[in-house]
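Trainee: Could you take me through the way ring contacts and charges over rings are read in a structure?

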Amino acid sequence: MRTRVAVVGGGVSGLTAAYALRRELGDDAVIDVYEQDERPGGLLRTRPVGATPMDLGAEAFIVRRPEALGLVTELGLAGQVVSPGPRRPAIWSGGALHRLPAPAVMGIPGDSAVLGGLIDDETRARIDDEPHRPLDWTPGKPVSVGALVRERFGSLTVSRSVDPMLGGVYSAVADDLGVADAVPALAQALDDGAGSLTAAVQSLSSASAAVNGPVFGALRGGYQALVDALLDAGAPRVVAGSPVRAVDGGPGGFALDYEGRSAEYDGVVIAVPPWRAEGLLAAVAPEAAGLLAQVMPAGSAVVGCVLAPGSVLPEHSGILVATDAGMRSKAVTFSSQKWPHLTESGPPVLRVSFGRLGEPVPADDRTLLDWAARDLGLYFEAAGVASAVIKDAVVQRWPEGLPQYAPGHLAAMRAAQRGLPAGVALAGAAFGGVGVPACIASARRAAVRVVEHLTR
C-alpha cells in the first residue's frame, strides 16, 4: 500500500509541507495538494504590471531568519536572491514626510529623540520619564501592543510610529495585536525582568544592531520562482479549483470531502486560514475548530503601478502612513528604489497598499485606483518631486488577507494544535508569524508531525 497524504491549501505553507513530505516519504508516496483557487501560490502572487513582473502579495522575506533562505538554497534558487538598496522608508504624518524612527522595535522607540517631529513636547517628556515610572507587567497576561505603548509612551507614539509599522506587517493597528503574539521578543524581554519599556526596546535594538548584513531579501523575477520550484521538487498532484468541505475519520485514516466526492488518506496537513480550517475540522477536532473560529481575517489590496518613463521617485524606499493622518492608503513601496534590480526592467514601479482590520477595501477597482493616484500626488508633492503619472496599474485583492494576532492568539493556536487527532497537522500564517519564513517553519513542523504518525 502506498502512503497517501493530503495537503489542504496550496499557498507557501501547503507547498512547503508537500515538499517536506516528499523528501521524507519518498517518490512512492501519494501527495495531493487541494487548492480552492485555479492556481497554487496563495499570498505569493507575481503578476505583470506593464512589462514588469511584480510581487503583489508577499514581497520580501527576513534573511536573518534561516527558513526562507535555507529553502531557496535547497531548491537551487540562491543565485536569484537580491537585497534591498540603502534607502529607508519615511513616515507620513501631519502632511509631511518624516524619517522612520530608528532604532526601534516595530516602531516602538528606544528614546524620544528618534521620533523627531512625529511627536509633541508632552509626548517627548512622557517617553523620557518612562524608565522612572513603575511598570505593571505580568508575564503571560494578554495585553495589546497599543495598550502597553500608549500607557508608557503616549497616543502619538502609537498612531504615528507603531501603527504604521504594524499595519504593513499584520494589516491591523496596535490596539488589535497582542504584545506576546505580534512582538514576542519584546514580551520575552519584559518577562525576563526589563524594568521599563525603554530598557526592553534598547536591549533588543542593541542585539539587532550587532547583526551585520541586510535584513530582507527577495527573489529576482518574483516569488513565482519559489512556487514553481516547490511544485517541481515536491511533485504533488495539484487538485486546483477544488475546495475541501470536511475532513472525517475513515477506514483508511481520514476521508476528505470535496465537490461531492471523497478521497481517503493516511495523514492530512491543513494549510488554509483558520476561519476555513475551522469548518474542515468540525467533525474530527471540534474543540480545535472552536479555537480556530475565533481568529479574525483582515482584508487588503495592493495596487501595482508603472510610472511614465523618466519619472522620479522620492528618495525613500517607501512610505508608511500614520493612522491619524487621514489618508486612504496605509503604505507605499517605491519598488524601483527599494530593489535596485527592478531598474533593469524599465520605468519606475511602485506598490500602494490598502486595508486594515475594520477598514474594508472598496469593491470596485476604479475607486482604489483613484485613491492611489490622489495619495501618491500628495506624497510626491511633499517629497518635492513631480507628481506620478501612472501608465499601467494592476489591482490585486486579498479579501481574507492575514490572520489577526489578537492578545492571546498564539496560546489559543497552541491549544488548537494540541487538540488535533494524530495524523492531522495545521500549518500557515496563524501559527507562529505571518511572514514567509514563519510559514515555512510552520509547514516543516506540520510535515514532521504527520511523518512521525505514519512511521511510528
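Mentor: Let us begin with a charge over a ring, which requires NZ of Lys or CZ of Arg within 6 Å of the ring centre and within 35 degrees of the ring normal. In this predicted model, K338 lies over the face of F216, at 5.8 Å from the ring centre. Local features need pLDDT of at least 70 and side-chain atom pairs count only at pLDDT 80 or more, while totals for chains, interfaces and linings use all residues. Residues are numbered from 1 along each chain as its sequence is written, and side-chain values use heavy atoms, with hydrogens and water left out.

Trainee: Over which ring does the charged end of R4 sit?

Mentor: The charged end of R4 sits over the ring of Y265, 4.8 Å from its centre, and Y265 forms one aromatic cluster with Y34 and Y258.

Trainee: How many aromatic pairs does a search of the whole structure find?

Mentor: Rings of Phe, Tyr and Trp (its six-membered ring) pair if their centres lie within 6.5 Å, with planes under 30 degrees apart counted as stacked, over 60 as edge-to-face and the rest as tilted. The search finds 6 such pairs, among them the tilted pair of Y170 and Y405, at 5.5 Å centre to centre with 50° between the planes.

Trainee: Are Y170 and Y405 buried or exposed?

Mentor: Both Y170 and Y405 are buried, that is, under 20% relative accessible area, where exposed means over 50% and partly exposed lies in between (1.4 Å probe, protein chains only). For F334 and F380, the ring centres are 5.9 Å apart and the planes stand at 80°, so this pair is edge-to-face; both of these residues, F334 and F380, are likewise buried.
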